[in-house]
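Please examine the sequence and the model shown below. The paragraphs that follow lead through its helices, their contacts and some individual residues.

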Amino acid sequence: MNGKLLRTIKDISVIGFLLLFPHFVPLPFYSYAVVCLLFIWFLLRNEGHTIRDIGLTGSGFTGKAVLIGIASALFWVCFMQFIYIPFIKHFFVVPDYTEYNFIRKSISNLLMVIVAAWLIGGFYEEIVFRGYIQNLLEKRFFRKFAMLWSIVITSLLFGLYHWQQDVFGIVSAILGGLFWSFYLKNLIIIFGLLSYHTPFSTLYH
């Protein structure tokens, strides 16, 4: 078995771990993120890289990035509320979404979920998907149209990562991944924590 094949098997196994570990290992309240981030840090360090090499750099935290991110978040909330959700409810039987019912009539639960969404959605998911996985796919799996294919496949994986939200949640996550990947392709967007994922998560919840 040659080195290239072994590396491919390793890369696919790493992606599989990042997708499956949060769902199948019963760690309390998003603590899986700590394990996965340490895992990514170890992999990068083992290859002589740092977290900066996948986009986590202060140069991306600019006023322009924040304003564009907020505008894109507002656009996406409007798209979801006035186009996507009405469309699927018109053509399909959509089950009630109950994952966040516990935040109703509880300000403390709402604030807790919003902060978790900032940290998990805005920081953790950006590092894992658009930072690590998308970079890995672009550099090691494709030669022609590497950025395009890496964006498409990462968005598909991001959608499947949300399988607990049923097929409609998967589709919306895929669309969101594609939208922000192409819309913000020229920005250092790992600072999505402040630039778009944070306002979107806040408004959505």
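Asp166 lies in helix α6, which spans residues 166–183; helices (H or I, at least four residues) and strands (E, at least two) are DSSP runs numbered from the N terminus. Although Asp166 is not a glycine, its phi is positive, at about 60°. With a relative accessibility of 25%, Asp166 counts as partly exposed, where buried means under 20% relative accessible area, exposed over 50%, and partly exposed in between, for a 1.4 Å probe and protein chains only.

This is a predicted model, in which local features need pLDDT of at least 70 and side-chain atom pairs count only at pLDDT 80 or more, while totals for chains, interfaces and linings use all residues. Residues are numbered from 1 along each chain as its sequence is written, and side-chain values use heavy atoms, with hydrogens and water left out.

The protein as a whole contains 8 helices and 0 strands, and its pattern along the sequence is α-α-α-α-α-α-α-α. Of its 205 residues, 41% are buried. Contact means heavy atoms within 4.5 Å. Among contacts between residues at least 6 apart in sequence, 74% join residues at least 24 apart.

Another residue with a positive phi is Phe145, at about 55°, and it is not a glycine. Phe145 is placed in the loop between α4 and α5. Its relative accessible area is 60%, so Phe145 is exposed.

How are two packed helices described? The description uses the angle between their axes and the distance between the axes. Axes are lines fitted to C-alpha atoms, for helices over the stretch in contact, and angles run from 0 to 180 degrees between N-to-C directions.

The axes of helix α4 (residues 107–140) and helix α5 (residues 146–161) come within 9 Å and cross at roughly 140°. The two helices α4 and α5 are therefore oblique to each other; angles under 35 degrees count as roughly parallel, over 145 as roughly antiparallel, 65 to 115 as roughly perpendicular, and the rest as oblique. Their crossing is right-handed: a crossing is left-handed if the near helix is turned anticlockwise from the far one by less than a right angle, and right-handed if clockwise. On the α4 side, the residues in contact include Tyr124, Phe129 and Leu137, and they meet residues of α5 including Met147, Ile151 and Phe158. The residues of this contact of α4 with α5 divide into 11 nonpolar, 3 polar and 2 charged. Here Ala, Val, Leu, Ile, Met, Phe, Trp, Tyr, Cys and Pro count as nonpolar, Asp, Glu, Lys and Arg as charged, and the others, Gly among them, as polar.

Helix α4 also packs with helix α2 (residues 32–46), at an angle of about 35° and with the axes 11 Å apart. The crossing of α2 and α4 is left-handed. Cys36, Leu37 and Ile40 are among the residues that α2 contributes to the contact, and Phe123, Tyr124 and Ile127 are among those from α4. The contact of α2 with α4 comprises 13 nonpolar residues, no polar and no charged.

How many disulfides does the structure hold? It holds 0 disulfides, a disulfide being a pair of cysteine sulfur atoms within 2.5 Å. Cys36 is buried, with a relative accessible area of 0%, whereas Cys78 counts as partly exposed at 40% relative accessibility.
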